[in-house]
Amino acid sequence: MSRGLEAVILAGGRSTRFGRDKASAPLRGRPLLQWVAEAVAPAVDRLVIVRAPGQLLPPLDLPVPVDLVDDEFPGLGPLAGLATGLAAVAAPLAFACSCDAPLISAALLARLADIARAASADVVCPRVGGYPQPLVAVYRPATCAPAFRRAVESGAGGLRILAAYAGLRVVEPGEAELRAVDPGLRSFLNANTPDRLAEIDALLG
């Protein structure tokens, strides 16, 4: 049965803070991209992975279809990756994340999608620690893909994801609601440096 939800995983970032390609970085013997893809797969019908042109990604073993797309705007950051990825989504809704969040909860994905449907929202962007989390969020591709593309092409808002939300219907669920499905909010932990990856490894221990 179709869930009406796909996932967009951004894998083509420069990884400047990490020092090397994060998608292929090992965590307990498996690449980070495999961890993230496995985490989201139970909640979605299909994965769209956005890579940099020419980027080699580790092979994935998953129970859902996977499509690789090349970033149309390489080097311009996550908003550009989202514009590319969302344009490739066929479902009414898409969960978007980066390839360095291995502890994402499938239950959290499903909850964000439910909120989007109930509120007819274009964007469901959690707020954790006082900050919005646009790379653990659900988007409506029909409205967000063209809006994000316009923002990238115009350079509006300094290519910030949050600036591209202008004119869209945005819902920001808070920590209390999120903890009902992800008590430790581990979905929002990312391995953007080698030290953070080591911390996540320790959590898994």
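Predicted model: local features only at pLDDT ≥ 70, side-chain atom pairs only at ≥ 80, totals over all residues.
User: What makes strand 7 and strand 10 a pair?

Analyst: Strand 7 (residues 123-124) and strand 10 have 2 bridges in the antiparallel sense, and at least two are required, so they pair. Here V124 stands opposite V138 in strand 10. Strands in this account are DSSP runs (E, at least two residues), while helices are H or I runs of at least four, all numbered from the N terminus.

User: Which residues point each way from strand 10?

Analyst: V136 and V138 point one way, A137 and Y139 the other, and all are buried. Buried means under 20% relative accessible area, exposed over 50%, and partly exposed in between (1.4 Å probe, protein chains only). In a regular strand the side chains alternate between the two faces of the sheet.

User: Why is strand 1 called mostly covered?

Analyst: Because 6 of its 6 residues are buried. On one side sit L5, A7 and I9, and on the other E6, V8 and L10.

User: Which strands does strand 1 pair with?

Analyst: Strand 1 runs parallel to strand 6, with 6 bridges joining them, and A7 stands opposite F95 there. Strand 1 also pairs with strand 4 in the parallel sense over 4 bridges, with I9 opposite I49.

User: What makes a set of residues a nonpolar core?

Analyst: The members are buried Ala, Val, Leu, Ile, Met, Phe, Trp, Tyr and Cys residues joined through side-chain atoms within 4.5 Å. The largest one has 38 residues, of which I9, V40, L47, F95 and I104 touch the most other members. Elements giving two or more residues to this core include strand 1 (5-10), helix 1 (32-40) and helix 3 (106-119). Helix 3 gives the largest share, 6 residues. Apart from this core lies another, of 29 residues, with V8, A91, F148 and V152 among them.

User: What is I104 in contact with, leaving aside its neighbours within four places in sequence?

Analyst: I104 is in contact (heavy atoms within 4.5 Å) with V36, A39, V40, F95, C97, L109 and S187.

Notes: Residues numbered from 1 in each chain as written. Heavy atoms only, no water.
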